[in-house]
Amino acid sequence: MQTQNIPKVELHVHIEGTITPSLAKKLATRNGVKLDPSVLQYEDHYTFTDFLDFLNQYDMVADCIRTPQDYEDLVYDYLERCAAENVIYVEFFGSKDHGEACGISYPDMVAGMAKGIERAEADFGIICRCIMTCVRHYGHERALPAAQAMIDHPHPIVVGLGMAGDENAHHPKDFAAAFNLVHKAGYPTTAHAGEAAGPQSVKDCLKYLPIKRIGHGVRSIEDPALVKEIVQKGIALELCPGSNLSLGFYDQPEDHPILKLKEAGCRMSLNSDDPPYFMTTIGMEYENGMQLWGLTEDELRGITKMAIEDAFCDDETKAKLLAKLG
Ligand code: ADE
Ligand code: ZN
């Protein structure tokens, strides 16, 4: 890979979505969980028919997680793979709802993740933090407890709140109470918008939620005034081009708006989203940036620098990461 030596930063990856089929099998066996055979057809990836089927498969695979040790193992497993691709920092989305669905309390889930993060930093030097994430299609009734858990059980690895799930379900204003609660406590926030839904979904998130970043946001390109607003407010787009192509939101690489968004002056990071689902990795996203969209090494290093600046970790950690970038 021509981009191997470029230090990389990932700000948008769902930790439950990093579980490889082999790890899913291992966790399912150790926990006595019977996974639906349809999710384990292939050695290295999963299949789905469309976005909603993807979300469904995702929940089915995540069912193999049952203990804090599982969280430790899957975080470590993912960070080991990232370190091999010269990733220096990962900010992953973790979901209280997925932990609870598997019978794990919020503090136990975070403690398991923290152990995986500490072990990976000790072994590979990679730094990692978690963004606690509510799931939009589960509704605001479950978002508020996720936000409250962050306040009631603060932990140094949890640095912000996010929202994943079906962008067409419910309305961002329904989640304002949860987002404002953590915002008032000093946590930055991000929300998925402008991928499965159009530019209005981005406008609604900007209007009703105190967000600093947008997960995807690619369909903002359909509204020039919105792109201007994003640039002017310095909102960062967490781009996941491989995910967008794999889910069929764009047919061809040349249809993807990454270059137009860059030319317009949008802040951005490059991310893998859910690697084994979209047959990608953070390393492949950087490599595709060069091979498919012609980004130069300097431009890719610039994207890493922007990602560090837009990360939700503290300034001391950012300074450490910037020093690694050189
Ligand atoms: N949950 C996990 N991965 C997701 C994605 N790519 N979009 C929305 N919700 C998700
Ligand atoms: Zn995502």
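I shall speak about the ligand site and then about the salt bridges.

Please bear in mind that this is a predicted model. Let me begin with the site of ligand 1. The space that ligand 1 takes up is the largest cavity. Which residues are around ligand 1? They are His-14, Phe-51, Phe-54, Leu-55, Tyr-58, Ala-164, Gly-165, His-192, Asp-273 and Asp-274. Helix H2, spanning residues 51-62, provides the largest share of the shell, with 4 residues.

I turn now to the polar contacts of the ligand. A polar backbone atom of Gly-165 lies 2.8 Å from a nitrogen atom of ligand 1. From the side chain of Asp-274, a polar atom is 2.9 Å from a nitrogen atom of the ligand. In the case of His-14, an N or O atom of the side chain is 3.4 Å from a nitrogen atom of ligand 1. As for exposure, ligand 1 taken alone exposes 260 Å², and the protein buries 97% of that.

My second topic is the salt bridges. How many salt bridges does the count come to? The count comes to 19 salt bridges.

Thank you for your attention.

Notes: Residues numbered from 1 in each chain as written. Chains lettered and ligands numbered in written order. Predicted model: local features only at pLDDT ≥ 70, side-chain atom pairs only at ≥ 80, totals over all residues. Heavy atoms only, no water. Near = heavy atom within 4 Å. Polar contact = N/O pair within 3.5 Å; in protein donor to acceptor, adjacent residues only side chain to side chain. Areas by Shrake-Rupley, 256 points an atom, 1.4 Å probe, with all protein chains shown as cover. 1 Å grid on protein atoms, 1.4 Å probe; cavity = no way out; pocket = protein on both sides within 12 Å on 5 of 7 lines; lining within 4 Å. Sits in = over half its atoms within 2 Å of the grid points. Helix = DSSP H or I, 4+ residues; strand = E, 2+ residues; numbered from the N terminus. Salt bridge = Lys/Arg side-chain N within 4 Å of Asp/Glu carboxyl O.
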